[in-house]
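Trainee: Could we go through this model together? I would like to begin with how the chains meet.

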Amino acid sequence: MFNKRENEHDPADRGRNAGSSSTPGGPDRPTGAGSSGATAIIGPSISINGELKGQEDLIVEGTIQGTVELKQNTLTIGSQGTIKAQVYAHTILVDGTVDGDLYASERISIRKTARIEGNILAPRISLEDGAKFRGSIDMDSESEAFRKVFQPRTGASPAPKATGAADKSASDSGERTAPDSPLKGEAGKNATGKPTQSAV
Amino acid sequence: MKHPEPGEDADPLLGAPGAIRAPLLAALLDRGGSSRRRVIADLGTLQPGMLDALSQSRTRLVVADLPGRRAENEDDWDRLDAALPRRHWREPLAAVLCWDLLNYLDAGRLAALAEALRERAAPDCRVHALIHYSALEMPGAPGQIRIDPNLDLRIPSLADTRPIATPRYTPKALEKAMPALVVERTMLLGNGMQEFTFRVHRPN
């Protein structure tokens with residue numbers, strides 16, 4: 001499970017600290033949530049395709065395609081950032097563009113400049129007027145979907161893979177392969193960000 | 001819109017100044033309380049007020065954003081299979097919020113929408129809609145009604161939009177256009193709009 005550590009800052013405070021910074025290195029950066037206390041930045045000219053894991057906060061102003069796992073940290077998708085991925089994090093702050101699914105064990109904050117197409121799951125979700133969103137929102141921490149994503153499994157990563165057995169039926173039918181997604185079509189992407197089925 | 005003077009009994013259909021109450025919508029969102037998990041399809045755009053209103057309930061909210069799709073692609077905005085949950089998804093829809101969208105659909109699109117909803121609806125699903133009933137004109141585009149966290153609605157002023165003629169759908173006209181749905185309740189709101197809830201018609 002994406003355990004909240006005892007000495008950790010209040011996630012809400014971290015969210016405020018992270019702010020809507022589009023200026024890497026600015027005063028609004030996330031602070032000290034990771035084990036190293038550092039915040040990494042992926043700049044606007046950087047593009048990553050694949051699986052990204054880490055144990056420090058991350059600000060993305062570039063492009064990531066694939067899977068992002070920051071189990072105990074904050075991911076900030078800056079206003080220039082584009083994510084085409086499934087994201088698993090402690091807290092996710094969105095100013096930029098997301099085409100994929102977001103899973104946070106604590107909180108997702110959607111700012112007014114955000115553009116999201118996909119599914120989001122977190123116990124707490126905040127939204128600023130003006131943000132664009134298409135997909136599904138699940139704040140039910142008692143849901144099967146939440147348990148699938150965040151329940152601890154001995155010796156296993158808490159974040160299920162897109163090809164996991166939990167979604168075998170969906171995969172078999174050629175539909176979306178996200179852990180628990182009712183949607184298909186435009187919002188339907190697999191872990192590599194490629195559409196699993198075109199819109200009708 | 002008239003608001004009560006101090007000491008005057010408040011009209012239950014009037015909310016805070018500039019807002020109106022939609023009792024059928026409030027009842028629908030309150031249905032099931034906070035303990036029962038449910039899936040609600042919002043055919044409109046995601047609003048902070050809706051998120052706040054549902055934050056304490058066990059709700060999955062599916063946001064179709066049909067007004068946004070319409071603004072982007074006038075000819076192809078109602079590809080419902082892309083916007084709605086899969087047919088026969090294991091969590092069928094407990095409620096559908098159409099807002100003012102039905103006013104902007106012709107008979108063919110109304111029928112297609114109703115059928116698409118029936119395929120995804122739970123047996124006790126209710127569909128909510130707001131119909132321009134008294135007014136002769138309505139905003140030029142759907143999706144401009146805002147909801148407060150207390151479920152009051154804020155209706156845009158026609159002066160702020162490019163108004164077009166309303167179809168002024170009657171309950172019978174809607175039932176005729178949408179054979180998959182049956183009118184369950186209607187209520188005339190303080191601003192002259194008519195609020196509808198439909199249940200799903202399942203032929204034997």
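Predicted model: local features only at pLDDT ≥ 70, side-chain atom pairs only at ≥ 80, totals over all residues.

Trainee: How many residues of chain A are in contact with chain B?

Mentor: On chain A, 23 residues touch 20 residues of chain B; contact requires C-beta atoms, placed from the backbone, within 7 Å. Strand 10 of chain A (132–138) gives the largest share of that side, seven residues. Strands are DSSP runs of E with at least two residues, helices are runs of H or I with at least four, and both are numbered from the N terminus.

Trainee: And which classes of residue make up that side of chain A?

Mentor: It has ten charged, nine nonpolar and four polar residues. Here Asp, Glu, Lys and Arg are charged, Ala, Val, Leu, Ile, Met, Phe, Trp, Tyr, Cys and Pro are nonpolar, and the others, Gly among them, are polar.

Trainee: Which strand of chain B pairs with strand 10 of chain A?

Mentor: Strand 2 of chain B (residues 59–63) does, in the antiparallel sense over four bridges; pairing requires at least two DSSP bridges. Within it, Val63(B) is the bridge partner of Gly135(A).

Trainee: Changing topic, which residues of helix 1 of chain B are buried?

Mentor: Leu24(B), Leu25(B), Leu28(B) and Leu29(B) are buried there, that is, 20 or more other C-beta atoms, placed from the backbone, lie within 10 Å of their own.

Trainee: What about the largest nonpolar core?

Mentor: That core has 101 residues, being a set of buried Ala, Val, Leu, Ile, Met, Phe, Trp, Tyr and Cys joined through C-beta atoms within 7 Å. Its largest share, eight residues, comes from strand 5 of chain A (residues 82–94). Val96(B) is among the residues with the most contacts inside the core.

Trainee: Finally, is Asp57(A) buried or exposed?

Mentor: Asp57(A) counts as buried because it has 30 C-beta neighbours inside 10 Å. Asp57(A) belongs to strand 3 of chain A (residues 57–60).

Methods:
Residues numbered from 1 in each chain as written. Chains lettered and ligands numbered in written order. Contact = placed C-beta atoms within 7 Å. Buried ≥ 20, exposed ≤ 12 C-beta atoms within 10 Å, placed from the backbone.
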